[in-house]
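Please look at the sequence and the structure before reading on.

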Amino acid sequence: MSQGITKMALLALVILLSRLGAVAQGKSGKGDVDIPVTSTLADYDASNTPYSVQSDGFGAYHNGVKSVISILVANGYNRIVDGDWRLDMAGSTARTVAITFDPTNAVQPGDPGYTAPANPPFWGTRWEAVRMENKCTMDNHDMLTMRPADTFPCVMSVRLPPSSSSTYYRLDMAGSWAFMNEPETQDVQVSCNSTDSAGCNDWFIDPVPLVNADRSTSPGKARARLNLVDTHGSNNFTNEGDFYVTFHFHVSRP
């Protein structure tokens with residue numbers, strides 16, 4: 001009897017894990033396709049202070065132009081189609097994004113969210129062929145079905161080009177994902193500005209704004225962990241410290 005119960009329990013567990021796996025993979029239907037979008041990265045805030053993530057100075061990033069990928073991703077999590085944004089220049093030799101690591105933006109010992117000494121691959125600003133994307137659908141958020149004035153938090157990552165044959169650096173803003181074990185980091189905020197018959201067609205992606213004592217808001221800065229990722233086998237992470245990241249992205253369809 002106990003052996004039969006054990007077999008039934010194991011079978012139930014296998015079925016449960018397979019279902020969870022399908023949800024996590026977010027497989028879309030055969031007819032689903034990525035939606036091209038235009039991605040514009042601002043260089044300065046309202047006070048003319050440079051953002052720590054900027055454009056390369058050559059204007060908006062268009063999908064398929066100079067080997068840039070700028071899309072709403074068809075294959076989201078939780079079977080949500082075209083709910084996440086991606087800007088990928090890994091295959092481009094012409095377009096980049098400016099990334100700044102500065103001691104003044106590094107989280108220091110004694111600061112909230114300090115976890116490890118800041119140890120970036122470089123200090124200052126470099127123009128890198130990065131891959132940036134958010135994972136709104138992991139939390140059942142869908143950028144395409146947003147309505148004007150809707151906002152929600154999303155996980156986002158900025159992946160730098162490989163630093164060796166087996167490693168690359170990645171900035172994680174993933175405070176809401178407990179399994180990432182990066183509770184000191186902060187999600188970003190996605191806002192919908194306008195819609196058409198197909199859904200939201202204009203978005204802002206920013207750090208979550210600060211709420212002041214008088215309930216007004218000010219631009220925020222997202223605390224991100226810099227990880228050195230080892231791609232050999234176990235996908236190990238080395239914590240290379242946290243940085244306050246500033247940016248303002250404008251995404252529009254088409």
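The link of cysteine 192 and cysteine 200 is right-handed, with 115 degrees about the S-S bond. This link is a disulfide, a term that denotes a pair of cysteine sulfur atoms within 2.5 Å. Cysteine 192 and cysteine 200 are both buried, where buried means under 20% relative accessible area, exposed over 50% and partly exposed in between, computed with a 1.4 Å probe on protein chains only.

The model is a predicted one, in which local features need pLDDT of at least 70 and side-chain atom pairs count only at pLDDT 80 or more, while totals for chains, interfaces and linings use all residues. Residues are numbered from 1 along each chain as its sequence is written, and side-chain values use heavy atoms, with hydrogens and water left out.

In total, the structure holds two disulfides. Their sulfur distances are listed below.

| Disulfide | S to S distance |
|---|---|
| cysteine 136 and cysteine 154 | 1.9 Å |
| cysteine 192 and cysteine 200 | 2.2 Å |

The torsion about the S-S bond of cysteine 136 and cysteine 154 is about 115 degrees, so this disulfide is right-handed. Cysteine 154 belongs to strand 10 (151-154), whereas cysteine 136 lies in the loop between strand 9 (131-134) and strand 10; the pair therefore ties together parts that are 18 residues apart in sequence. Strands (E, at least two residues) and helices (H or I, at least four) are DSSP runs, numbered from the N terminus.

Cysteine 136 counts as buried because its relative accessibility is 0%. Cysteine 154 is buried, with a relative accessible area of 0%. When the bonded cysteines of the chain are numbered in sequence order, the pairing reads 1-2, 3-4.
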